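Reader: I would like to learn how to read a structure. Please take me through it feature by feature.

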Amino acid sequence: MTKSYFLELADYNIWANNKVINWLNQISEEQYNQQITSSFSSIKDTCIHIAAAEKVWLERWQMILDRMFLADDFKGPKDELIAIWQHVSTDMKEFIASKPESEFENKLSFKRLNGDLFLMEFSKTFAHIFNHSTFHRGQLVTMFRQAGFTNVESTDLLSYYREIGK
């Protein structure tokens with residue numbers, strides 16, 4: 001995989017996250033917190049999970065060892081989560097842009113959330129986090145509908161390409 005491809009995926013990730021954030025800005029607190037059966041128990045918890053995962057991967061890439069795992073510790077309002085999520089998504093793209101492509105196959109050593117040490121190529125971690133966010137955004141589409149918000153649209157990569165004219 002090339003640097004330009006991962007930058008394209010980072011742009012897509014920002015685009016898709018912003019679509020979800022737009023929906024978040026339109027729903028009530030009740031809808032945001034409503035208990036819904038999925039991987040996580042609410043729109044709120046699912047959004048926190050996506051933002052937390054993006055944040056933890058960015059911090060791993062940056063070799064930040066003393067991290068707060070957002071999903072365990074975040075208690076702030078929706079607006080604060082949105083600001084964190086947007087910032088992290090943009091910083092992920094900036095990290096990829098600043099990383100020499102020659103280092104994409106270098107191994108990243110990191111501790112998994114359970115404490116186990118793991119090695120993985122940077123390029124595979126890039127692919128993983130964008131795929132992870134896409135998976136959970138798909139769940140959010142269903143969760144928004146179950147909460148009574150039906151003004152959702154596709155966040156698929158193909159929809160991104162159609163919208164930007166690629």
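Reader: At 35% relative accessibility, does Ala-71 count as buried, partly exposed or exposed?

Author: This is a predicted model, in which local features need pLDDT of at least 70 and side-chain atom pairs count only at pLDDT 80 or more, while totals for chains, interfaces and linings use all residues. Residues are numbered from 1 along each chain as its sequence is written, and side-chain values use heavy atoms, with hydrogens and water left out. Buried means under 20% relative accessible area, exposed means over 50%, and partly exposed is in between (1.4 Å probe, protein chains only). Ala-71 has 35% relative accessibility, so Ala-71 counts as partly exposed.

Reader: Which helix holds Ala-71, and which residues does Ala-71 touch, not counting residues up to four places away in sequence?

Author: Helices (H or I, at least four residues) and strands (E, at least two) are DSSP runs, numbered from the N terminus. Ala-71 belongs to helix H4, residues 70-73. Contact means heavy atoms within 4.5 Å. Apart from residues up to four places away in sequence, Ala-71 touches Ile-48 and Ala-52.

Reader: Is Thr-125 buried or exposed?

Author: Thr-125 has 0% relative accessibility and therefore counts as buried. Thr-125 sits in helix H6. Residues up to four places away in sequence aside, Thr-125 touches Trp-57, Trp-61, Leu-108 and Met-120. Thr-125 and Met-143 are 18 residues apart along the chain, and 27 Å separates their C-alpha atoms.

Reader: And Leu-117: buried or exposed?

Author: Leu-117 counts as exposed because its relative accessibility is 62%. Leu-117 is placed in strand S2. Neighbours within four places in sequence aside, Leu-117 is in contact with Ser-109, Phe-110 and Lys-111.

Reader: How is the packing of two helices described?

Author: Two packed helices are described by the angle between their axes and the distance between the axes. Axes are lines fitted to C-alpha atoms, for helices over the stretch in contact, and angles run from 0 to 180 degrees between N-to-C directions. Here helix H1 (residues 3-24) packs with helix H7 (residues 157-164) at an angle of about 95°, and their axes are 10 Å apart. Angles under 35 degrees count as roughly parallel, over 145 as roughly antiparallel, 65 to 115 as roughly perpendicular and the rest as oblique. H1 and H7 are therefore roughly perpendicular to each other. On the H1 side the contact is made by Glu-8, Leu-9, Asp-11, Tyr-12, Trp-15 and Lys-19, and on the H7 side by Leu-157, Ser-159, Tyr-160, Tyr-161 and Glu-163.

Reader: Which residues of H7 are buried?

Author: The buried residues of H7 are Ser-159, Tyr-160 and Tyr-161, and H1 is included in what covers them.

Reader: What volume does the largest pocket have, and how many residues line it?

Author: On a 1 Å grid over the protein atoms alone, a cavity is a set of points where a 1.4 Å probe fits but cannot get out; a pocket is an open set with protein on both sides within 12 Å along at least five of seven lines, and lining residues have an atom within 4 Å of a point. Grid points are joined across faces, edges and corners, and a volume is the space filled by probe spheres set on the points. The volume of the largest pocket is about 290 Å³. Its lining has 15 residues, and Trp-57, Arg-60, Arg-112, Leu-113 and His-128 lie nearest the centre. H3 gives the most to this lining, with 5 residues.
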